[in-house]
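Reader: Please take a close look at one interface in this structure. I want the contacts and the make-up of one side.

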Amino acid sequence: MIKLNSNVPEGNIAEKWTNHKFNMKLVNPANKRKFDIIVVGTGLAGASAAASLAELGYNVQSFTYHDSGRRAHSIAAQGGINAAKNYQNDGDSVYRLFYDTVKGGDFRSREANVYRLAEVSNNIIDQCVAQGVPFAREYGGLLDNRSFGGAQVSRTFYARGQTGQQLLLGAISALNRQIGKGQVKLYTRREMLELVVIDGHAKGIVCRNLVTGEIEKYSAQAVVLATGGYSNVFFLSTNAMNSNATAAWRAHKKGAAFANPCYTQIHPTCLPLHGENQSKLPLMSESLRNDGRIWVPKKKGETRKANDIPEDERDYYLERKYPSFGNLSPRDISSRSAKEVCDEGRGVGGSEAVYLDFAEAIGRLGKKVIEERYGNLFDMYQTITGENPYEVPMKIYPAPHYTMGGLWVDYNLQSTIPGLFVLGEANFSDHGANRLGASALMQGLADGYFVAPYTVGNYLASEKPAKVDTDHVEFGNAVKTVDDKVQKLLSIHGKHTVDEIHKKLGRIMWNKVGMARNEKGLNEAINEIKELREDFWKNLNVVGEYKDLNQTLERAGRVADYLELGELMAVDALDRNESCGGHFREEYQTEEGEALRNDNEYSYVAAWEFQEVGKWQLHKEHLEFENVKLATRSYK
Amino acid sequence: MGWLLRSMNSSIGKKFVMAITGSFLIIFLIVHLIGNLTLYFGPEAFNGYVETLDIIKPLIRVIELVLLLSFVYHIIYGTWLWIENKKARPVSYKINASSENSTFSSRWMFWIGSIIFIFLVIHLSTFFYRFNFYDPEGLADQNKYYNIVVGFLQMPWYSILYIIAMIILGLHLHHGFQSAFQTFGWNHKKYTPLIKAIGRIYAIGMAGAFASIPIYFLFFYGGSQ
Amino acid sequence: MSSENLNLTLKIWRQKSPTSVGSFEEFKVSVSPDASILEMLDELNNDLEREGKIPVAFESDCREGICGTCGLVINGHPHGKIPKIATCQLHMRNFKNGETIYIEPFRAKAFPVIKDLIVDRSGMDKVLQAGGFISVNTGGVPDANEIPISKDVASHAMDAAECIGCGACVAACKNASAMLFVGAKVSQYSFLPQGQPERFQRVQSMVAKMDEMGFGSCTNTYACEAECPKGISVINIARMNKDFISAKIKSELTEV
């Protein structure tokens, strides 16, 4: 039975982090090298944490299922990273970034965590610049900013359309430096399949070597998970092919509570689906909404081409409904509005797509400026679709993109298992029910560079610096669990392929646990997922061998976890009888179709404790709002 | 001096050796061509030129030594690079599309250079050897150098070999000229196109001018007046 | 968008393990022109799995051309014939009905085949670990705007930094040279003021490691630039050459 204690320090919100840092226990520099820390994942959060911890003198073991740390999906983030620098003199401040983030998250995040995030945001920019991240510059040589959805100040730093890439390469360069020094040992092509818990504390992991198929044991005095989100439950999402929830899910099954699984973000600007064999939905940066105008035809079943539809027969629905934020409305609102107009039958060509039109911006700013701002995105669009967005409007549609939910963590980013820390998208902490654009990079790096190095140290200060023996019985048990599962997957010899089942799960999730949910649909989804799970374990066919590079087996293990996690997402969505952020329950909306929150009953974090497959116990962490006044979000 | 050897033998060091020696050879070829062109002005001009070289023999020997070192290093390092580069790609592609991403001369530098090397051996054994060490009777007239050269160039097989060699040399220079600049790190958006153009003119000019001599003596030369 | 399916013959390199002998296996597929080449392979693999056969092992991740994981040699071109895209962005509309497509792994001594189309590119990471960074610890850095950098310089650095580390330059180069990859990293830092303190040390360490990893040497064919999915310019190689030579001449270090 777990107990949730957020461990938020006392005091004024602006002083909490400073005071907390002072109150933390420190590890003697000479003792630091006696501590081993495992960091799973080499994205922004994982790489920055591993590098920073190693810089402090700890021995770090870093794990990735890729061939190289730099492949992590943080690399694909396009738009930018927020920080409260107020370089533009437009009234930004730590407090405003904090406020915007809490509001953007529809008042479902923990104030103290968000404030800290806003507070360290500025350090991140300094750090990245020092590492040689080539952020965009003004002519005077100072850093440039752009604006992003959900904010009325210009606080987003960017490096062309590849901010995530540049930030990740920066973090990886710091990691590489430590690898070169021998302070970090990097294990590539390893997939974490089990967390080892000894006497209630996280003490190691069990991995499968993806090249040889061997099951390997690694021990440490603390384990840090930075393994990203779970959007791939939907099969089609903007996530990378390998992004998965397995590490987090296996930790969950070992006792780490999973918080707010139903908070999933559907990104408004992705490419629409083109066919059955599509493997993912590529994202087009949200920054496009700075200059692009979103519209659909006013008429249902419009058959004319975009450029033939006259201005007065177009519905710029975001500008119409939300005049003050317009095309820059937050992601959840933009996505849901797109679904609404398409459900009305006004989608492009009757399908699920809306226009994102640059004709007006090109007319106003000239093609050259647009090319400078979005050139690579336009090229990417043309490569994929074969259409030229300088001439015809882009077609976009929302797609699963980010998961605000994740393993529950306290203020120290420690999960309900002592010694298990969870960073970045893998935790639930900072974005509430909806994440604002350019905040994911900020959170990943905040956690990795500026939070975990302190809080993990604080934990270690009360641990003995003794090597953990991998011959411990718990390691044996963990290996056996993994081995049994792998053997079982390989022995079913059914008729369905992994992808077939994953696609079925994706369809259930998208239709019933997607952008708009209702009680009936969620109940159906729960039953359908249970059935599908049964089908999976009876009729799956995993070809290939155990002790070999076997990508089918890798995917099978991940889908097995999605089949459990998907159910929890539906269970959580069903529990939450309100609409907030990325969670929209059709039963709970205003007359105008806006999300209707229920602050009296649902102002809590839903943290689910695993009991057995298909059975969880709910724990609630009540959210207190002392600094931000609860209000209905309005972007009108 | 261990650092110097290590530097020279690193991948970029080897390139640098190739570029330095290549550059020297590029300059040498200009001087060589000017000398050769005196053939057009008759025996006296040519013999005068050769005898001038004879007068400053000590200096020429020094230059010859540098030239020799340039050739030796260019050839040894070129071969070494080629062997190492072969080793770096032990399995080749079934379908090779390299003609669509690079120039012929850049890909075949080693073989082009090897052919030039063979030519060089023949060239040295005919002219350099004869000019310096071989002085048969009957040629001891005042036009002897001129006559040796013209004698050879009027042999069709020799002239044709010479002409072909010059075309191949042109290919080698075409890649080598701009390549040297790249290796020295002189690649600039503004100036590199100019360097490449000069390289092309140089390569065609050298090949054309050198080859014009055998063509002239083979087809248009009426005999010594 | 979609029109009729294309019928294609695929000849794909199959190799069970690093030490086993590989060969081409032929497959006939019918694929939508809107699919990417990797989606075509997904479909092929799904069919193979359904028949109980071992699918073709290949790597990919983001499928947006930025992570650098995918990399196949398609009809002799790393990432296919279309310029400036990664394999995952190569759509089947670029092929003709009835065409035969050869799919091979990247070939280089430094990139040994692990299985089928998957190769080990860790040599590139080792080069970065040897010096591809600016030595700053977390914290204690100056305010970001205290280092003004001209827009031009930032833009040049960014041009170099765009490298996705896929290894296509090595695969394209007849010498399997990694100089475009290494040159890009060296250039990025040698442009920026933050990179100056370690500029000459960095280039020496990285080049030494590059040589040690078994990559070939550049002979300026520029095939790398032509095949690079991000269009990284060979100017970066020139910059590395210049820095390397300056370092060797100026630096008092005799060890590297």
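Author: What follows describes the interface of chain A and chain C. This is a predicted model: local features need pLDDT of at least 70, side-chain atom pairs count only at pLDDT 80 or more, and totals for chains, interfaces and linings use all residues. Residues are numbered from 1 along each chain as its sequence is written, chains are lettered from A and ligands numbered from 1 in the order in which they are written, and side-chain values use heavy atoms, with hydrogens and water left out.

Chain A puts 76 residues in contact with 77 of chain C (contact means heavy atoms within 4.5 Å). The buried area is about 6,400 Å² (accessible area, 1.4 Å probe, that two parts lose on being put together, summed over both). Carbon and sulfur atoms give 48% of that area. In chain A, the most area is lost to chain C by A:Arg71, A:Arg137 and A:Arg160, together 10% of what that side buries.

One joins A:Arg555 to C:Glu49, with the closest N and O atoms 3.1 Å apart.

By class, the side of chain A that touches chain C has 27 nonpolar, 31 polar and 18 charged residues (Asp, Glu, Lys and Arg count as charged; Ala, Val, Leu, Ile, Met, Phe, Trp, Tyr, Cys and Pro as nonpolar; the others, Gly among them, as polar).

Conventions
A salt bridge is a side-chain nitrogen of Lys or Arg within 4 Å of a carboxyl oxygen of Asp or Glu.
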